[in-house]
Amino acid sequence: MAASSLILAVPAAGQDRPLPDYATFMAEARKRLEADDVRQSEHVYVETQREQKLDATGKSTKETLDVFESYPALPNESRWRRQTVKDGKAVPPEDLAKVDRERQQKVLEYAKKLERNPEKVREAEQKKHDEERRDSDRAVDDALRVYDIKMLGREVVSGYETIVLSFTPRKDARPQTSEGKIMRHFAGKAWVSESEYEVVRLEAEAIETASFGLGLLARVHKGSKAAFERRKVNGEQWLPARATYTASARVMLVKVMRIGGTLEFSDYRKFSVQTDTKIGKPQ
């Protein structure tokens with residue numbers, strides 16, 4: 001669930017200092033809500049994944065570590081991820097060189113297309129960007145349909161004074177997106193910066209079993225939890241910093257998996273042509 005899918009609130013009473021005006025605060029927060037992948041689309045970053053397999057008591061029985069360099073996508077492609085650590089071991093230089101050559105070839109092909117017909121290529125890029133923006137807005141709008149959100153008070157989180165919101169799904173909610181349908185199974189809290197109207201932290205818990213892939217691929221069980229954090233990068237933009245999760249799921253309706261893990265995002269830098277053609281670890 002996107003950390004940005006929270007927006008309404010009901011003022012709480014009995015505060016030492018009055019909470020912000022409902023309409024003003026929520027209107028400003030709404031302007032800034034968008035999916036994490038949209039925010040990251042113009043950045044290069046390092047993604048560190050740690051995952052644990054858990055036993056019935058929640059104790060880790062196995063842990064894996066994978067590290068990727070993530071690059072913005074070429075038109076009509078997903079982001080390109082260059083794996084530098086696999087299962088705790090550095091990927092051999094010769095393997096990295098091979099994937100680098102393959103990527104360079106795709107980049108050169110794209111550059112040739114751009115040179116031949118720059119207007120068509122730019123039009124395709126803008127179309128993809130607009131589609132991503134529309135999808136993000138539709139998911140945020142679905143949060144309005146799904147959640148009853150209440151303003152609870154203030155807390156300081158990671159040095160930011162935040163407004164604390166609780167969110168629970170409405171029984172009569174009629175979401176219009178796949179993200180909205182998933183939201184109906186989760187409740188939790190969000191901490192929104194009072195001065196910048198940005199989501200600093202979000203915690204969600206499955207309040208009932210949630211099915212994915214028409215219920216055939218996986219079912220995430222009640223009690224599964226996830227948390228998401230954002231940080232202001234280079235004093236400019238709020239970007240994903242960390243996500244944690246613990247989950248019990250039945251995969252393909254057969255195997256029950258209990259897992260936990262963290263995702264950390266670091267070394268952000270703005271994408272440029274040089275970034276994509278000179279492949280290497282972001283600084």
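**Exercise 1.** In this predicted model, find the side chain that makes a polar contact with the side chain of Glu 69.

*Solution.* Start in strand E2, residues 60–71, where Glu 69 lies. Next, check burial: Glu 69 has a relative accessible area of 4%, and the cut-off for buried is under 20%, so Glu 69 counts as buried. Now look for the partner: the side chain of Tyr 71 makes the polar contact, at 3.2 Å.

**Exercise 2.** Stay with Tyr 71 and work out which ring it pairs with.

*Solution.* Tyr 71 pairs with Trp 80, with 5.2 Å centre to centre and 40° between the planes, which makes the pair tilted. Both Tyr 71 and Trp 80 are buried.

**Exercise 3.** Out of the 6 aromatic pairs in the whole structure, take the one formed by Phe 25 and Tyr 197 and say what it ties together.

*Solution.* First the geometry: the rings sit 5.3 Å apart, centre to centre, and the planes are 55° apart, so this is a tilted pair. Then place the partners: Phe 25 is in helix H1 and Tyr 197 is in the loop between E7 and E8, so the pair links parts 172 residues apart in sequence. Both residues are buried.

Technical notes
Residues are numbered from 1 along each chain as its sequence is written. This is a predicted model: local features need pLDDT of at least 70, side-chain atom pairs count only at pLDDT 80 or more; totals for chains, interfaces and linings use all residues. Side-chain values use heavy atoms; hydrogens and water are left out. Helices (H or I, at least four residues) and strands (E, at least two) are DSSP runs, numbered from the N terminus. Buried means under 20% relative accessible area, exposed over 50%, partly exposed in between (1.4 Å probe, protein chains only). A polar contact is a pair of N or O atoms within 3.5 Å; within protein, one must be able to donate a hydrogen and the other to accept it, and residues adjacent in sequence count only if both atoms are side-chain atoms. Rings of Phe, Tyr and Trp (its six-membered ring) pair if their centres lie within 6.5 Å; planes under 30 degrees apart count as stacked, over 60 as edge-to-face and the rest as tilted.
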